[in-house]
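Please consult the sequence and structure shown below.

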Amino acid sequence: MHFGYNTNGFAHHALEDALVILAELGYESVALTLDHQALNPYDPHLRHALKAVRSRLTRSKLRCVVETGARFLLNPWRKHRPTLVDPPKQAEKRFDFLRRAVDIAQQLGAEAVSLWSGAAEPGTPERIQWKRLLAGCKALADYAGPRGVRLAFEPEPGMFIDTMPRFAELHEQVQHPALGLTLDIGHLHCLGEVPIADHVRRWRDWLWNIHIEDMRRGVHDHLMFGEGEIDFAPVLAALREIDYAGGVHVELSRHSHDAVETARRALIFLKELT
């Protein structure tokens, strides 16, 4: 496994600086969140930015995944909207963004593009949400597959696909070799989906990205290690057991005000358990 950090936790840094800092701290991977500040897919100068990032990743020997969790990139008024479970005319904006993320991942040689379902407007029937999401995921997988890009789908508390059983249903319905899993360790604990190590073992063949942070049962709040309730030793042991070779990315997006020290402390914590 390769410990990494999500750039949404360096929101006040230039991306180039964040990558340099993370490499010098000893991280081996980075989860690149596409957003206004860095690698904006709609930036007319994106090609130049991608060239610079690709060069920096190479020089710093950093692996990467592409993250699509930008809060207000597509809609400045509403967080994470539109989604794949919105009506087709609205969802097309999300789908276009995800296609662009796939293109960026291809150019960077990223190991995966991480995505989630989003939440529909209240009152939307579940069967309609399933229909929309399945159509979007199948089409996106058909787009990503020929480009050699893997999609790592993340169950997220509060979203349509929130639990592992619902992800399992999605995975079974899509049945595409390009669609795998982003496993968020904190989310599993938050929703009571324990033991966490069991999910690591079950999904070993489809586990393409990991988010890691501390959390408390029933509270979706990403916490610094030691501030929540998770016992991480069995989780990391399970990852070693399955010979997981991807990134284990710390996700502390609300800690950008103290990004450097937070990243430093997080890596020390994780390395002490390995």
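Predicted model: local features only at pLDDT ≥ 70, side-chain atom pairs only at ≥ 80, totals over all residues.

**Helix α8 and its setting**

Asp243 follows α8 and has a positive phi, near 60°.

**Buried side of α8**

- The buried residues of this helix are Val235, Leu236, Ala238 and Leu239.
- These residues lie on the same side of α8, because they cover an arc of only 155° around the axis.
- Among the strands, the buried residues of α8 pack against β1 (2-6), β7 (207-212) and β10 (247-250).
- The helices against which the buried residues of α8 pack are α6 (185-190), α7 (196-202) and α9 (259-272).

**Ala238**

- Ala238 belongs to α8, which spans residues 233-241.
- Ala238 counts as buried because its relative accessibility is 1%, against a cut-off of under 20%.
- When neighbours within four places in sequence are set aside, Ala238 is in contact with Ala197, Val200 and Arg201.
- The C-alpha atom of Ala238 is separated by 28 Å from that of Ser60, which is 178 residues apart from Ala238 along the chain.

**Nonpolar cores**

- The largest nonpolar core has 88 residues, of which Leu32 and Leu170 touch the most other members.
- Not counting residues up to four places away in sequence, Leu170 touches Trp130, Leu133, Leu134, Cys137, Phe153 and Ile161.
- Another core, of five residues, lies apart from the largest one, and its members include Ala31, Ala112, Ala152 and Trp208.

Terms used. Residues numbered from 1 in each chain as written. Heavy atoms only, no water. Helix = DSSP H or I, 4+ residues; strand = E, 2+ residues; numbered from the N terminus. Buried < 20%, exposed > 50% of the residue type's maximum accessible area, 1.4 Å probe, protein only. Contact = heavy atoms within 4.5 Å. Core = buried A, V, L, I, M, F, W, Y, C linked by side-chain atoms within 4.5 Å. Arc of directions from axis to C-beta.
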